[in-house]
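Keep the structure in view while reading.

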Amino acid sequence: MTMKFFYSTGSCALASHIALEEAGADYEAMRISLKDGDQRKPEYLKLNPKGRVPVLVTDRGVLTENVAILAFVAQSHPAARLAPLDDPFAFAKMQAINSYLSSTVHVSHAHKGRGSRWVDDPDAIELLKKKVPQNMGDHFELIEREMLAGPWVMGDDYSVADAYLYTLATWLEGDSVDVKRFPRVHDHMNRMQQRPAVQRVLAAESA
Ligand SMILES: N[C@@H](CCC(=O)N[C@@H](CS)C(=O)NCC(=O)O)C(=O)O
């Protein structure tokens, strides 16, 4: 069965989109517009009651959450070698990084545009926004120092964690953080942009 992959341009779904493309997966990309509120339409909420992207519809059912989709894509396409599949410890290390990106870095970024998830007071929303450059800067300092073995996140072998790190690194500029502060992350972004699968996905998402 051809899987259906729901994404929105400029969103965190880019990570899973790149992984699907790198895997050579049999999937159809379905674009929705977060700006137009497609994620809150009844048909979409039937797929993902959380009202978020990404969503991957498989022959076994629906998957949400980048961390889950990335692991599923890597494990169901072993020939693409997108994760250390034979090494439980290395796989867990990769998942630790993916979880940090999802639960900490992404959440700090969301304080810029989605502050009303946490507070109602307009002054408090502004204060959340104000803190974004510092938080994102702090997170990427840690990533630069501790989580990017180089040349890829896991060292010599490319993995789905590279797609995820790249996706969140593309948000830095909009969060008023200069990526050049982090030479290894900057170098990683440039290397990602040279990968044919990444170029195909970026072209498809911006078409
Ligand atoms: N932890 C989730 C986060 C998903 C998420 O927040 N997606 C955002 C786009 S980056 C979204 O769909 N936002 C729509 C909304 O908040 O209405 C994941 O990594 O899949």
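From the N terminus on, the elements of the protein chain follow the order β-α-β-α-β-β-α-α-α-α-α-α. That makes 8 helices and 4 strands. Helices (H or I, at least four residues) and strands (E, at least two) are DSSP runs, numbered from the N terminus. The model is a predicted one, in which local features need pLDDT of at least 70, side-chain atom pairs count only at pLDDT 80 or more, and totals for chains, interfaces and linings use all residues. Residues are numbered from 1 along each chain as its sequence is written, and side-chain values use heavy atoms, with hydrogens and water left out.

Next comes the overall size. Along the principal axes, the C-alpha atoms of the protein chain fill a box of roughly 50 × 45 × 35 Å. The radius of gyration is taken over C-alpha atoms, and the globule rule is 2.2 Å times the number of residues to the power 0.38. For 207 residues, a compact globule would have a value near 17 Å, and the protein chain agrees with this because its own value is 17 Å.

Contact means heavy atoms within 4.5 Å. Among contacts with a separation of 6 or more in the protein chain, 64% are between residues 24 or more positions apart. Of the 207 residues, 48% count as buried. Here buried means under 20% relative accessible area, exposed over 50%, and partly exposed in between (1.4 Å probe, protein chains only).

The surface and the charges can be described briefly. The protein chain exposes about 10,600 Å², and carbon and sulfur atoms supply 52% of it. Accessible areas come from the Shrake-Rupley method with a 1.4 Å probe; for residues, only the protein chains shown count as cover. There are 24 positive and 27 negative side chains, and the centres of the two sets lie 3 Å apart. Lys and Arg count as positive and Asp and Glu as negative, while His and the chain ends are not counted. The place of a charge is NZ of Lys, CZ of Arg, CG of Asp or CD of Glu.

Now to single residues. Phe5 is found in strand S1 (residues 3-7), and it counts as buried because its relative accessibility is 0%. Leaving out residues up to four places away in sequence, Phe5 touches several others, including Ser16, Leu20, Tyr27, Met30 and Pro54. Phe5 and Val160 are 155 residues apart in sequence and 16 Å apart in space, C-alpha to C-alpha.

Ser16 belongs to helix H1 (residues 13-23) and is buried, with a relative accessible area of 0%. Beyond residues up to four places away, Ser16 touches Phe5, Pro54, Asn66, Ile69 and Leu70. Its side chain makes a polar contact with the side chain of Asn66 at 2.7 Å. A polar contact is a pair of N or O atoms within 3.5 Å; within protein, one must be able to donate a hydrogen and the other to accept it, and residues adjacent in sequence count only if both atoms are side-chain atoms.

Asn66 leads on to helix H3, where the buried residues include Asn66, Ile69 and Leu70. Among the elements covering the buried residues of H3 are H1, strand S3 (55-58) and helix H6 (160-169).

Is Ala79 buried or exposed? Ala79 counts as exposed because its relative accessibility is 75%. In helix H4 lies Ser108, which counts as buried at 8% relative accessibility.
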